[in-house]
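Walk through this structure one feature at a time.

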Amino acid sequence: MSVIVQGVTKLFGEQKALNNVSFEIKTGEIVGFLGPNGAGKSTMMKIITGFIPASSGRAIVNGLEVGTDNIEVRKQIGYLPENNPLYPEMYVREYLGFVASLYNTGIPKKKQIDNIIELTGLTEEYKKKIGSLSKGYRQRVGLAQALIHNPAVLILDEATTGLDPNQIVEIRNLIKEAGKKKTVMLSTHIMQEVEAICDRVIIIDKGVIVADEEKSRIYSVIKKPIQIVRVEFDKEISQQDLSEFEKTGTVKKITMNTWNIEPDGEEDIRPAIFNFAVRNNLTVLSLQKLESNLEEVFRHLTN
């Protein structure tokens with residue numbers, strides 16, 4: 001079981017949303033599909049799920065060609081789109097019953113519904129109308145409809161949007177458990193989500209894949225190591241005061257007295273920061289070299 005994308009291009013008039021995109025996701029893999037707004041993430045997901053056709057190239061789901069076996073492909077996929085379209089006037093259990101009736105799984109419908117309500121934490125809410133639920137619980141309903149027919153492939157577009165920290169942990173665990181036996185493609189803007197859940201990262205920018213690596217190796221796509229030094233002074237200073245560092249890198253304010261300084265070169269800048277503090281009668285309260293993280297890799301690849 002897998003998702004295979006081969007040379008997919010998508011045109012909207014003269015705009016090229018996807019440009020010759022190719023990748024494969026295997027069963028048991030959870031892949032983070034990342035990119036800035038307008039990069040082509042949702043377009044790619046809609047092509048894989050058969051909602052829109054590719055202009056050229058092809059997508060294959062578990063050996064089925066999306067363009068020619070559209071209905072059979074949809075049976076294989078659980079899809080949670082970004083805008084999570086639901087019927088607000090329907091009750092939660094009623095809606096899940098409606099979705100379950102669309103699939104012939106051979107499992108009694110009541111059992112399907114009971115299982116998915118418990119699995120997605122909707123036990124306290126299933127008697128309510130969807131329109132009366134909080135955003136977080138509506139997101140759970142969307143995830144429940146994606147999972148109710150036990151699909152082989154799970155495609156999630158911003159799955160944890162609107163969830164509180166406790167709910168996020170629960171949904172993360174749910175996705176990780178599902179990923180043991182399914183092919184999971186997860187699009188999100190939350191880098192911590194990818195670092196917590198995913199085995200592999202694909203980054204797309206302007207319709208082109210700019211990185212496709214295992215999570216542990218994603219930092220290797222950066223040609224130069226990312227050096228970020230976080231410094232906290234005892235007094236408030238302005239970004240203009242740190243202009244000498246901006247000449248050879250970037251400076252970002254974190255709190256009133258705390259700054260991230262990222263030089264372009266590889267030379268350790270901590271001695272220069274101490275000298276700057278002495279010249280300006282400042283005391284350095286803390287100084288630390290930060291580890292590279294996925295957010296910095298993303299920013300470097302998509303700037």
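N84 is buried, with a relative accessible area of 10%. Buried means under 20% relative accessible area, exposed means over 50%, and partly exposed lies in between, with a 1.4 Å probe and protein chains only. N84 sits in the loop between β6 and α3. Its phi is positive, about 45°, although N84 is not a glycine.

The model is predicted: local features need pLDDT of at least 70, side-chain atom pairs count only at pLDDT 80 or more, and totals for chains, interfaces and linings use all residues. Residues are numbered from 1 along each chain as its sequence is written, and side-chain values use heavy atoms, with hydrogens and water left out.

N281 also has a positive phi, about 55°, and is not a glycine. N281 lies in the loop between α9 (270-279) and β14 (284-290). Helices (H or I, at least four residues) and strands (E, at least two) are DSSP runs, numbered from the N terminus. Is N281 buried or exposed? N281 is exposed, with a relative accessible area of 59%.

Now turn to a helix pair. The axes of α5 (residues 135-147) and α6 (residues 165-178) come within 12 Å and cross at roughly 10°. That makes α5 roughly parallel to α6, a term for angles under 35 degrees. Axes are lines fitted to C-alpha atoms, for helices over the stretch in contact, and angles run from 0 to 180 degrees between N-to-C directions. From α5, the contact (heavy atoms within 4.5 Å) uses G136, Y137, R140, L143 and L147. From α6 come Q167, E170, I171 and L174. By class, the contact has 5 nonpolar, 2 polar and 2 charged residues.

The largest pocket holds about 640 Å³ of space. A pocket is an open set of points on a 1 Å grid where a 1.4 Å probe fits, with protein on both sides within 12 Å along at least five of seven lines; lining residues have an atom within 4 Å of a point. Its lining has 25 residues, and F51, R74, Y79, Y103 and Q145 are the closest to its centre. Elements that give two or more residues are α1 (41-48), α2 (70-76), β6 (77-80), α3 (92-100) and α5.

The second largest pocket holds about 410 Å³. Of its 15 lining residues, the closest to the centre are I116, L119, L147, N150 and K182. Here α4 (109-119) and α6 each give two or more residues. The most come from α4, with 5.

Key: Angles under 35 degrees count as roughly parallel, over 145 as roughly antiparallel, 65 to 115 as roughly perpendicular and the rest as oblique. Ala, Val, Leu, Ile, Met, Phe, Trp, Tyr, Cys and Pro count as nonpolar, Asp, Glu, Lys and Arg as charged, and the others, Gly among them, as polar. Grid points are joined across faces, edges and corners, and a volume is the space filled by probe spheres set on the points.
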